[in-house]
Amino acid sequence: MPLSTFIYSGYPTGMNLEIAGNVQGFKQQDGILTIKTAEAEARVYIYSPTIIRVSISKNFNPDDPSFAVIRQPLADFDFDESSVNIDITTPALRLSIQKSPLRFNFFTAGGISLSEDDARFGTNWQGERVICYRRLFEGERFIGLGEKTGNLDRRGAAYVNWNTDAPNHTPESDPLYKTFPFFIGLHSGLTYGLFLDNTHKSYFDFGASTDEETSWFGADGGDLNYYFFGAQGVAKIIEDYTWLTGRMEMPPLWSLGYQQCRWSYMSADEVLNIAQTFRKKQIPADVMYCDIDYMDDFKIFTWNKKTFPKPKQMLDKLKEMDFRLVTIVDPGIKVEEGYKEYDEGIEQDYFAKYPDGENYTGYVWPGRCHFPDFFREEVREWWGAAFTALTQPGVEGFWNDMNEPAAWGQNIPWIVKFGDKFMPEVRNAYGMQMARATYDGTRKIMGNKRPFVLTRAAYSGTQRYSAVWTGDNTGTDAHMLLGQRLVNSLGITGMSFIGVDIGGFSGNPTSELMVRWNSLGVYTPMFRNHAIQGSKMREPWEWGKGNEQIIKKDIEQRYKILPYLYSSFYQSTQTGLPVSRTLAIEHSFDGNVFDERFQNEFMFGDAMLVAPVESTKLTEDVYLPRGSWYRLSSDRFYEGEQIVNVQAPLTDLPVFVRAGGIIPMQSVVQSTNEKGDGILQVHVWNGREANSFVYYEDDGVSYDYEQDIYYKRTIAFNPIEKTINLSSVEGSFKSRFMQLRFVLHGFDGVKLQEEIIENKSGEIEVKL
Ligand code: MIG
């Protein structure tokens, strides 16, 4: 194992300022343009016409892996040199590298400035800490950074990335659990993106307490290694970012159903009882969870012999009721001789260590623990294979908690080593590597079945392995709204499959808040009700008869829209566009979208606009952007680009459909395993503009879709020709819907079409 040459100093010593300096020479070789100054070296790579990478360092590590990036740069590119600049031009972008002093300035192909180094400061070091100072444009806004509190527009705010267990966080706390050092800048009607691929503690300052000329970003160590995205349009930048860092796979369909969790259901009997109650009350649900108490003494990959004596029997019974089970796993392995994972870990030397070779010990739930070194491949494989203890009885979902990593007291000594790095160099990627090990391992041992992986800590690229949830929120309206902003922001950074603890983890929500939050959960990519130990029970029937009915109706709505939701996830797998989308993606230069009153609104898939409303308000001002809109619950029509005051009773969250919107729905089912009536309802809302929607279906559980065993067709609405057209089916999967029914909204003189037609695989066209 090569010893890292990096010596971590915590706070930079001496504060001696070293600047990138003047260019002394450059060369191009193997697709890399290398530029040398007295103090540093810069390397420039091109990944595509819209993606350029710049990496600046005093001391490049020859071994330079990225946890996030899965693409290779182009083998070669041209540049022009003049006495003052080196210019690299692609069909979309120009990077102009100023020689004295060294500066990196990006322009559109047409020569308009997108992003520039601050002319005064550029990039420099204080000790090992490296910072890049950038020009702040007039009116420039910033969105992104993933799971960060504060406003949608991050202008005037500053953030730190340092994955942290953050129980009792507030709507202002920073940092939280995850690191996504990627933001999008918006100014002059132009868009650009910037991804700092560096796992050290990192900093982003979007003009907070600086003059009006500077924003900056950087890290406590490592290279100033960033990818610049120059595509025009936020959606295109997200597409490029997820091309670079990967996209999610199709999730198991059952994981899109309603999920019921608690810390903890204390016994197999309790788990079965709750599941049974859902069925008895006919409240649809798909997933039960076991939090930490299912284990024997919190030992990962064990079951409590008293309270969960026959896991297979419990799982068989759950299966009979069409429920799946997700179990939690933490990274900490209890120090206890005779415990399999402990013994194996010691024997094979799989735990994180101090430099003298001693295993690091931290305290978590099991008491004294060692921590698997997920940065090593053989450790990931060992960890992944251990899941047979859970998969054999039939568990299909794996919830990775505490992987910031968390230990009581938070502070893992900075001298602890993971792989050949010290903790502060890679801490921000630990959770991602755990999720990766969990995903790779369970995918392997589950044969052709899709595992569901959920992680709390994450780094850019985690979408390839896992869904995420936003950690320990609180049962208040402010946290409900914060949660939506976190979901919307995570969507900008490549994560689509996201949940929040519905109802709030800590505290006890009022029944109004529970009802309201549940109705918002219908439009959250992952729909999970979860609560802390000691809190009041949270299941849908715990809130009084009337509220139970509202909650049930809302959960039924989730199941009705599953065909639309599943197709929206398919879109995420293809383009990286998230299921929940801040309005800033499509309306990036509409100031109302960033107004604090409206910043929580989002599109749920292509067609639905959702406006979260606090539980204490029964009417709300909603901003409807460009286009025209219908209220989903009433078909009431609204012109866009206006603020409307709408009714928002607890029974009817304000949800709107875009004119021309196409939403495939199904009948209410009790779980995703149930067939339903076999009729796909194609809902279309009238509009002036043509629109289309890619409908996607597969078996929902296996990887057969990789073998073309899927079902895909485009549903198109054409208002001029007055037709709805379904293209002929692509793929060899047989739809579970034998029949079709069109449901038309806002078409004068055309009623709901009662006629049910055969869902044939050839082209289908209906005249309106
Ligand atoms: O120290 O497993 O965020 O969802 O219920 C707390 C118990 C550990 C934190 C997670 C939460 C989970 C809880 N865990």
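User: How many of the 16 residues of H8 are buried?

Analyst: This is a predicted model: local features need pLDDT of at least 70, side-chain atom pairs count only at pLDDT 80 or more, and totals for chains, interfaces and linings use all residues. Residues are numbered from 1 along each chain as its sequence is written, and side-chain values use heavy atoms, without hydrogens and water. Helices (H or I, at least four residues) and strands (E, at least two) are DSSP runs numbered from the N terminus; buried means under 20% relative accessible area, exposed over 50%, partly exposed in between (1.4 Å probe, protein chains only). H8 is mostly covered, and its buried residues number 15.

User: How far apart are the end C-alpha atoms of H8?

Analyst: H8 covers residues 477-492. The expected span is 1.5 Å times one less than the number of residues, so 16 residues should span 22 Å. The distance in the model agrees with this: 23 Å.

User: Which residues of H5 meet H7?

Analyst: Contact means heavy atoms within 4.5 Å. On the H7 side, the residues include Gln433, Arg436 and Ile445. On the H5 side, they are Arg380, Glu381, Trp383, Gly384 and Ala385.

User: How do the residues of the contact of H5 with H7 divide?

Analyst: Ala, Val, Leu, Ile, Met, Phe, Trp, Tyr, Cys and Pro count as nonpolar, Asp, Glu, Lys and Arg as charged, and the others, Gly among them, as polar. On that scheme the contact holds five nonpolar, five polar and four charged.

User: Which residues of H11 make the contact with H10?

Analyst: H10 (residues 545-560) and H11 (residues 562-575) pack at about 55°, with axes 5 Å apart. They are therefore oblique to each other. H10 contributes Arg558, Tyr559 and Lys560. H11 contributes Leu562, Pro563 and Leu565.

User: Is Met402 buried or exposed?

Analyst: Met402 sits in the loop between E27 and E28. Its phi is near 60°, positive in a residue other than glycine. At 5% relative accessibility, Met402 counts as buried.

User: What is the relative accessible area of Asp349?

Analyst: Asp349 lies in the loop between H4 (340-348) and E25 (362-364). Phi is positive here too, near 65°. Asp349 is partly exposed, at 35%.

User: What is omega for the cis peptide bond from Glu404 to Pro405?

Analyst: Pro405 belongs to the loop between E27 (397-400) and E28 (417-418). The bond from Glu404 is cis, with omega near -5°.

User: Which residues is Asp704 in contact with, leaving aside neighbours within four places in sequence?

Analyst: Asp704 is in the loop between E45 (691-697) and E46 (711-718). It is partly exposed, with a relative accessible area of 28%. Beyond those neighbours, Asp704 touches Asn448, Asp699 and Ile709.

Definitions and conventions:
Axes are lines fitted to C-alpha atoms, for helices over the stretch in contact, and angles run from 0 to 180 degrees between N-to-C directions. Angles under 35 degrees count as roughly parallel, over 145 as roughly antiparallel, 65 to 115 as roughly perpendicular and the rest as oblique.
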